[in-house]
Amino acid sequence: MPSCLFSPPMLRFAQALDTQLRAAMERAFPEAAAEAIAAGRPLDPQLAQASKPEFGDFQANGALALAKPLQQSPRQIAAALLAELEADVAFGALCLPPQIAGPGFLNLTLRPEVLAAELRRRLTDPRLGVPLASESGAGSAVAPVIVDFSSPNIAKEMHVGHLRSTIIGDSLARVLEFRGHPVLRLNHVGDWGTQFGMLITHLKQVAPEALTRADAVDLGDLVAFYRQAKQRFDEDEAFQATSREEVVKLQSGDSVSRRAWQLLCDQSRREFEQIYGRLDIRLSERGESFYNPYLEAVVADLEAADLLVVDAGAKCVFLEGMQGKDGNPLPLIVQKSDGGFNYATTDLAAIRYRFAAPPAGDGARWVIYVTDAGQANHFAGVFQVARRAGWIPEGARLEHVPFGLVQGDDGKKLKTRSGDTVRLKDLLDEAVERCEADLRRRLVEEERQEDDDFVQQVATTVGLAAVKYADLSTNRITNYQFSFDRMLALQGNTAPYLLYAVVRIAGIARKGGDLGDGAATSAEPQAVFPDLLLFSEPQEWALVRELLKLDTVIAEVEQELLPNRLCSYLFELSQVFNRFYDQVPVLKAEPAARASRLALCRLTADTLKLGLGLLGIATLERM
RNA sequence: GGGCAUGUAGCUCAGUUGGAUAGAGCGUCAGAUUCCGGUUCUGAAAGUCGGGGGUUCGAGUCCCUCCAUGCUCGCCA
C-alpha cells in the first residue's frame, strides 16, 4: 500500500510528517532501514490520526512493530526516533516536542500557530483546502468517470429501491465532480426487453390509443396495464408467443412498434423527471436500448476470444471460480437458445462501450455501478467476462458499489400497510408533510409569524434533506431501517440537527457579525479577518482541528466510495460547533477574539454548506 | 448444497493501513440557562463486539470453524 492512502487529518501536514518520520527512522536505524529497503519493504512509521484528542493530532505506531527485529523495547526505539525528530528543524517548525506514551506510541501535536495559519488560508480558499484530483497527482483527470445509478424501469413507478441508488449515486458523482473528475452520470433505464413485448401486445388489444397518442394514459394506468400484461404472460401461451414476436419486431426496428415504445418511454420519462427535479438530481438518460446495436458485436468478440460455449442451445461463457446449484460450472448466458439477448449481454455491451476509446465509446478509466447488493453475483460474472474479453484497459477501475435493503420497522423489506411497494413519490410527500406539520406546531408554540412561502420552503428543504441524509448516513453495504420519526428528529445524527447549526451561524450574521461572506456590507475576507487569528479556549481549538479535517475526509470518501464517512464528519463538526457556540461568546467577545471567532463561524458554515452540498442537500438561513 | 453479505449498549447505527480504557445518537436517570435562535450544552448508568479456536508484542478488525439472518445460484432485469 502506498503511503498516500492513510487518512489522518490534514493531508498536507500528514505527508510532510510521514516523510520526516521516515527520514528519522533511517537515521536512527541505518542498518535495519537499508535491509528493509533491500527487501522491498521500507520501514513504516505507521503514522495515523491520533485515536483520542488528548494524544495530539497524530500518532506514530511504528516503534512497536520494530521491537522484535531490532531486539529493543518499543519505548527505546521511540526515544531514538524522538531524538532524531528533535534534531530536524522542519519537524520542529511543524510540531511541538513529541511525547512517548503507552507501550511505545509517539504522539505528535501540531503547533498552534501552524493550525491557525492553515485555518486563515482556508478562509480565502473556495475549495476549503480540498485539492483537485489533478493536483494530488492521481493519474490523468481527463478521462471520464462514469457513475451508473438510479436506473428505473419504463412503465413502472420509482420506489424505495431506486431511492438508495439515486441518492448514493448522486452524492458520489458530486464528490468526484468536486475533486475535478469529468463525470458522466448515466441513467441505465430499463427500456428494452421482454416486458415491452407483453406490454405493447396487451395495449394493442385493450387500449390501442395509448400507443398512438401521447398523454392517452398516465403512468398509473401504465403500471396497471403492466401488471395485467404480466399476469397474461404467465398464464396464456398464445399471449406469450405474440409478445415474443412483438419483441423481435421492436428490436428489428418495426416502425409501429417503435413508435409505441417511444410513447411509453416518454410517458415514464416525464414522471421520472419530476422526481429528479424535486431531488435536484442531474442524470443523462442512456437506457438499455442504446446498446442494442452493439449486442451482436459483443457475442462476436467473445467468440473471437474463444470464450463462447454453446450449452443447451444457449451461447454462454463459463465463469471461473463460480459454481451453480449442483456444483456445475456457472454460465453467463449472452445469447438465449431462441436467439434473443438478455441483460447480461446488454451489461457487457455497456462495459465494452464505456471503456472503448472515442468516438466508438466513452473512453472511461473508471466505471462505477450503484445497484443493490443482490446484484453482486451478476456483476462479478459480467466483470469477469469483460476482463477476459480484454475490454478493460490496463489500470482502469471497474467496480460495483453495492447497497443494502431499505427495511421497515419489522426488519423486513419496506412495504405499505397493504403490502405494496412504497412509491418514491409518496414517501417524499410524506416526509415534507410531516415536516410542515411539525414546523407549524413549533411556530404556534414559539408565537412566531411566518408566511406560507416560508413554511413550504422550509418543509420541503428539511423533509427532502432528512430523507437523503438518513439514507447516506449509514454504511451503504448494510440494510437500514427506514423511520420518519428518526430521520426528522431535531436532535441526533439527522439532517435537521446539521441544518440548525448553519441557521445559528446565519443568526450571528444577522445580529451584526461580519462573516465576510460577500454580503453587501462586508469586504473580502482578507480585509474582514486579521492575518493572525488568535484562539485561547479549548472549544475554539477543537473547532479549528475539526474544520481542518475536511480534505482528509473528502479523500476518504472518494477512495472508499462511502458517503456515510462525510455524514459522520459533518455531524461531529456540528457537535463541536454547538459546544463552541454554547460555551464561548462570539458577538460579545473582545474585538480581537471576536474577529477570530467570527472566522471560525464563517469557515464552519462554509464547510457545512459544502459538505451537505456534496450530499445533495440544500441549506437554509432560517428554519 | 455452493457463493456473497451481515451479526457491536434496551433501540438505531459508527468504528479509517490490526494499536492505548470499544464510540455516537435515541431512550433512561441527574444537571445547566440574565447569553449570539434550548432544534442547545454538561454528566451518569448501560457491551462476553453472535459462539469457539488460531495468527500477532497487540484482534471488533486477519485466518479456521460453528450458529443465526438476508441476498443469490443457465436462458426475467
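Q: Which domains does the domain assignment give for chain A?
A: Chain A gets domain 1 (3–110), domain 2 (194–280) and domain 3 (290–403). Those bounds come from an automatic or database domain assignment. Bear in mind that this is a predicted model, where local features need pLDDT of at least 70, side-chain atom pairs count only at pLDDT 80 or more, and totals for chains, interfaces and linings use all residues. As for labels, residues are numbered from 1 along each chain as its sequence is written, chains are lettered from A and ligands numbered from 1 in the order in which they are written, and side-chain values use heavy atoms, without hydrogens or water.

Q: What separates the centres of domain 1 and domain 2?
A: Taken over C-alpha atoms, those centres are 65 Å apart.

Q: Why are H15 and H16 called oblique to each other?
A: Helix H15 (residues 424–445) and helix H16 (residues 452–472) pack at about 130°, with axes 8 Å apart. Helices (H or I, at least four residues) and strands (E, at least two) are DSSP runs, numbered from the N terminus. Axes are lines fitted to C-alpha atoms, for helices over the stretch in contact, and angles run from 0 to 180 degrees between N-to-C directions. Angles under 35 degrees count as roughly parallel, over 145 as roughly antiparallel, 65 to 115 as roughly perpendicular, and the rest as oblique. H15 and H16 are therefore oblique.

Q: Which residues of H15 and H16 meet?
A: On the H15 side they include Leu427, Leu428 and Ala431, and on the H16 side they include Asp452, Val455 and Gln456. Contact here means heavy atoms within 4.5 Å.

Q: What makes up the contact of H15 with H16?
A: Its residues divide into 13 nonpolar, three polar and three charged. Ala, Val, Leu, Ile, Met, Phe, Trp, Tyr, Cys and Pro count as nonpolar, Asp, Glu, Lys and Arg as charged, and the others, Gly among them, as polar.

Q: Why are H9 and H10 called roughly perpendicular to each other?
A: Helix H9 (residues 219–235) and helix H10 (residues 237–251) pack at about 115°, with their axes 6 Å apart. H9 and H10 are therefore roughly perpendicular. Their contact divides into three nonpolar, two polar and five charged residues.

Q: How do you know that E5 and E6 pair?
A: Four bridges join strand E5 (residues 145–148) to strand E6 (residues 183–187), and the two run parallel. Two strands pair if DSSP finds at least two bridges between them, so E5 and E6 count as a pair.

Q: Why do E7 and E12 stand at the edges of their sheet?
A: Five strands form an open, parallel sheet in the order E7-E6-E5-E11-E12. Strand E7 (284–285) and strand E12 (397–403) each have a single partner strand, so one side of each is left without a neighbour in the sheet.

Q: What makes E8 and E9 a pair?
A: E8 and strand E9 (residues 314–323) share three bridges in the antiparallel sense. Val310 has Lys315 in E9 as its bridge partner, while Asp311 has Ala314. In the hairpin, with two residues between the strands, Ala312 takes a positive phi near 50°.

Q: How many bridges join E9 to E10?
A: Five, with the strands antiparallel. Their hairpin has five residues between the strands, and Gly327 in the turn has a positive phi of about 80°.
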